[in-house]
Each structure stands twice: as structure tokens, then as C-alpha cells.
Amino acid sequence: MSPDPMTPTESTAVHAAAAPRLVSGMSELAGDYDGFILDLWGVIHDGVRAYPAAVDCLARLKRAGKHTVLLSNAPRRAAAIESAMAGMGIDRAIYDHVYSSGEEVHEHLLSRSDPWYAALGRACYHIGPERDRSVREGLGLDVVESVEEAEFVLNTGPGDDDETVADYEDVLEAAARRSLPMICANPDTEVIRGGRRIVCAGALALRYEELGGEVRSHGKPHAPSYRRCFELLRVGDRRRVLAVGDSLRTDIAGADAAGIDSALVTGGLHAEELGLAPGSPPDPDRLARACAAAGHVPVAAMAAFAW
């Protein structure tokens, strides 16, 4: 026999118990932490423009003596990301470090200390746009024009914002037939660029795994990226480190796995799911259900990364 269904009051109580604390901004949280691991897309900028309130918040954290690492799943090297941020008007002086999944991939391909990487070979088929080429430059790779020539696949995502996973089906099937290992330089399945939802490398990687392909992914929510952030932050007590991001699947899950607190920016990837208008706070019960579905509950949630 099925258990008796909960009454609406009981249901709301359960969801409220699992809901993060709603805050108006970082001013309510900053005093409890010394170091911050901050997402970029959906938190600091939208891929095209910086959020003015986020830039102000970064500057305030810097003036307060807080330490920051901007941790991005962008499949580009840190220097390229810093350059793009400068082009958006984000002053290099208001944050401490940038680390990215692209930087991590570059480090592995350069050192080849990991046996999986040591066995890859040099013939690389790159799925991705020219703006991602920094991840493979200076490595002595032979970038080939077809899957048939390749020893491995470097996946940094679709080359055009209008493309979908289906556009790459033939390439993915051909690579899977040859059992080519794939490096995924961005585990995100989608991101919002300039207000548009676009497919990322993680979606291609998931399809490749469905086809039987082998994938090595880098970035959030995987542990190595957080270990590197802790080294950069130099905050001895991890209870004094807060991660801020707009994705339950990557930012909040990664923070949970790393054993640190997290705060969710609800106006990013989950805004549509939460039924939010720009700048509006989420309904606590609806937010709790989203967190329960994801299996991760941040300590706090805010509409935007602002002071």
C-alpha cells in the first residue's frame, strides 16, 4: 500500500526545511568567509557583457581583504579569459586569480604525467571554434582535419551558437567507431550567452558516452579544479571558503563534493525553471524542489551576485 500523501502544509514544511537561506546580496554572507570561488558565466557576466552589480561586488570584496578565484568551465586558458573580461570592462585589479577547465586541460596535455594522457598520441581532432584554440596552442599537437586521422578528440563545444548536438552526430559516431578517447574541456551542457541558451561541450560529451565513447572531463564539478582553487586561495580553513555559482549541477554539486559552502545565483541557468523575472527572488518552495531534484542544497541563494 502506498503511504498516505502529505498534506500541502506538510509538503511545504519539508521543502522549506531543505531550502537555502534567501539573501539580498553578498553583504549578508561576506563576513563569514575569507575566500571565494566564483563562477563567471551567469554570475559575473553573460558571455557578452559584465553585470555592473557583480563588478561592484567584486571590488567590494577586494577592498574588504577577501581572496577570490574566478573558476570557469570555459574551454580556454586563463589568460584568454582575463583578456575577454578586460574587454567587458572588468578591471584585473578587483580579483585575485582565474582558473578554468581549459587551463586544466592544457596543463594535462603539456605534462602528460597522467597515464591516460601519456597514451593519447599527438594527432588531435578538435571540435570547437577558433576562439578556443588557446587550449591546444604550444603543445606540439598535430591538429588533423578528419576523425579518421586522429588519435584523440579535443571537445571544446559547438563552433556556432545555433548548432545542436544533432549537428555533430556523424562526427561523434565516426569517432566512437574508432574508439577515440575524448577530452571534454567544458562539462557544462548549456550556458546563457547574451540572453540566449546555447549548447556546450558537455552535451556533446554526454552523447559521445551514449555512443560508447570514452570521455575525460575537466572543470566543475570535478575535484581537481577545486584542489587548484584551494592552492590559489591559501585559506587554511575550508569552512571559511564559499563557492558562488548559477548551476546546481556543476557549481553547487562541485562545492558539496569539495566540502565547502555554496550560494546559488538564481537569476542564471535556473531562472526559467524557477519561473523568475529578471532580478526577482525565487519562491522558497519552488527553489527547494529544484534543490531536492538536484540533490544539492546551497547554504544561501540570491537573485544576482551583488553586494
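This report walks through the sheet, the helices, the aromatic rings and the cysteines of the structure above.

The model is predicted, so local features need pLDDT of at least 70 and side-chain atom pairs count only at pLDDT 80 or more, while totals for chains, interfaces and linings use all residues. Residues are numbered from 1 along each chain as its sequence is written, and side-chain values use heavy atoms, with hydrogens and water left out.

**The sheet and its helices**

Let's start with the strands. Helices (H or I, at least four residues) and strands (E, at least two) are DSSP runs, numbered from the N terminus. Two strands pair if DSSP finds at least two bridges between them. Seven strands form an open sheet with parallel pairing, in the order E1-E14-E13-E12-E2-E3-E4. The edges belong to E1 (21–22) and E4 (97–100), which have a single partner strand each, so one side of each is left without a neighbour in the sheet.

Look next at E2 (residues 35–38), which pairs with E12 (residues 241–245) in the parallel sense over four bridges. There, Gly35 has Val241 of E12 as its bridge partner. Helix H9 (residues 248–258) packs on the sheet and touches E12 and E13 (261–265), where contact means heavy atoms within 4.5 Å. The direction of H9 makes about 160° with that of E13. Axes are lines fitted to C-alpha atoms, for helices over the stretch in contact, and angles run from 0 to 180 degrees between N-to-C directions. Helix H3 (residues 78–87) lies across E3 (67–72) and E4, running at about 120° to E4.

**Aromatic rings**

How many aromatic pairs does the structure hold? There are two. Rings of Phe, Tyr and Trp (its six-membered ring) pair if their centres lie within 6.5 Å; planes under 30 degrees apart count as stacked, over 60 as edge-to-face and the rest as tilted.

| Pair | Centre to centre | Angle between planes | Type |
|---|---|---|---|
| Tyr33 and Phe36 | 6.2 Å | 70° | edge-to-face |
| Trp116 and Tyr117 | 5.1 Å | 70° | edge-to-face |

Tyr33 and Phe36 are both buried (under 20% relative accessible area, with exposed over 50% and partly exposed in between; 1.4 Å probe, protein chains only). Trp116 is buried at 15%, and Tyr117 is buried at 0%.

**Cysteines**

A disulfide is a covalent bond between the sulfur atoms of two cysteines. Here it is counted as a pair of cysteine sulfur atoms within 2.5 Å, and the count comes to zero. For Cys57, the nearest cysteine sulfur, that of Cys229, is 17 Å away. Cys57 is buried at 0% relative accessibility, and Cys184 is buried with a relative accessible area of 0%.
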